[in-house]
Amino acid sequence: TNIIQTFIIENGLNSVKEQLIEEFSMAFKGLTEFEINHLLALSYSEEGELTRKDLKLIFDQKQQMIKKSGILEMIPQKETINDIGGLENLKEWFFKKSKVYKNIEKAKEYGVDVPKGVLIAGVSGCGKSLNAKAAANLFEVPLLRLDMGRLMGKYVGESEGNLRNAIALAEAISPCVLWIDELEKAFAGIGGYGGGAEVTTRLFGNFLTWMQEKESTTFV
């Protein structure tokens, strides 16, 4: 926030509203000071002011970070909450959580917990993936897809390391929606015997511990 306010003062952009400054501040999380100043200058040079349209530049920068990781994938957001038929209770819940995400600092001041995520189960074609995409669009944050197949490595400890890296990157990119598709297939074999089953059990334990204790604005 201090970097943004300094840039506003130096360039005489007194018309930038406090709400927009807060949104920029949240979007810049995970980027270095150099990257933030570069993106602010780029946004200012295009239209001579800072607008909400400039948030897309920030998302594009984060997309480059994701591509380099090889584990996470950034999904384009085309679908909106209006594309979902039915599921009125879920959509209403998403609307409430989006208000928290867009005013996260004020929410914390009032003691509102940061939304952690949602588990959606159902048959194929009932809208699970569509809801993940629509939620990210509604929250106005990047949508990251975690491919559990890419986590599994052939060396001892590699799979756990990949999970830690994926989580660290998602938290650095946050606020974001982390979409984990077909969770039951990824963690199949939990509690079984043998090397593969033991690795899967450890991965699942690490993942649950992170979800329980995380304080970042990574919505799972």
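Me: Which residues are linked into a cluster by ring pairs?

Reply: A pair of aromatic rings is described by the distance of the centres and the angle of the planes. Rings of Phe, Tyr and Trp (its six-membered ring) pair if their centres lie within 6.5 Å; planes under 30 degrees apart are stacked, over 60 edge-to-face, and the rest tilted. In this structure, W93, F94, Y101, F139 and F219 are joined into a cluster by ring pairs.

Me: On what kind of model do these values rest, and how are residues numbered?

Reply: This is a predicted model, in which local features need pLDDT of at least 70 and side-chain atom pairs count only at pLDDT 80 or more, while totals for chains, interfaces and linings use all residues. Residues are numbered from 1 along each chain as its sequence is written, and side-chain values use heavy atoms, with hydrogens and water left out.

Me: How many aromatic pairs does the rule give?

Reply: The rule gives eight aromatic pairs. One of them is F94 with F219, an edge-to-face pair with 6.4 Å from centre to centre and 65° between the planes. F94 belongs to helix α5 (residues 88-102) and F219 to strand β4 (residues 218-219), so this pair ties together parts that are 125 residues apart in sequence. Helices (H or I, at least four residues) and strands (E, at least two) are DSSP runs, numbered from the N terminus.

Me: Is F94 buried or exposed?

Reply: Buried means under 20% relative accessible area, exposed over 50%, and partly exposed in between (1.4 Å probe, protein chains only). F94 is buried, at a relative accessible area of 1%. F219 is buried too, at 2%.

Me: What is the distance between the ring centres of F139 and F219?

Reply: The centres of F139 and F219 lie 5.2 Å apart with their planes at 90°, so this pair is edge-to-face. It links distant parts of the chain, since F139 is in helix α7 (residues 128-139) and F219 in strand β4, 80 residues apart. F139 counts as buried, with 2% relative accessibility.

Me: In what order do the four strands of the open sheet stand?

Reply: Strands of a sheet pair through backbone hydrogen bonds, either parallel or antiparallel. Here two strands are taken to pair if DSSP finds at least two bridges between them. The four strands form an open sheet in the order β1-β2-β3-β4, with mixed pairing. At its edges stand β1 (72-74) and β4, each of which pairs on one side only.

Me: How many bridges join β1 to β2?

Reply: β1 and β2 run antiparallel and are joined by three bridges; E73 has R145 in β2 as its bridge partner. Strand β2 (residues 143-146) runs parallel to β3, again with three bridges, and L143 stands opposite V177 in β3. β3 and β4 are paired in the parallel sense over two bridges, where V177 stands opposite F219 in β4.

Me: Which residues cover the faces of strand β3?

Reply: Strand β3 (residues 176-179) has both faces covered: C176 and L178 are buried on one side, V177 and W179 on the other. W179 has a relative accessible area of 10%. In space, W179 is 9.7 Å from L72, C-alpha to C-alpha, although the two are 107 residues apart in sequence.

Me: Which charged end sits over the ring of W179?

Reply: A charge sits over a ring if NZ of Lys or CZ of Arg is within 6 Å of the ring centre and within 35 degrees of the ring normal. The charged end of R145 sits over the ring of W179, 5.5 Å from its centre. K214 likewise lies over the face of W210, at 5.8 Å from the ring centre.

Me: How much space lies in the largest pocket?

Reply: A pocket (1 Å grid over the protein atoms alone, 1.4 Å probe) is an open set of points with protein on both sides within 12 Å along at least five of seven lines, and lining residues have an atom within 4 Å of a point. Its volume is the space filled by probe spheres set on the points, which are joined across faces, edges and corners. The largest pocket holds about 710 Å³. Of its 31 lining residues, V118, L119, I120, I180 and L183 are the closest to its centre. Helix α7 gives the largest share of the lining, five residues.
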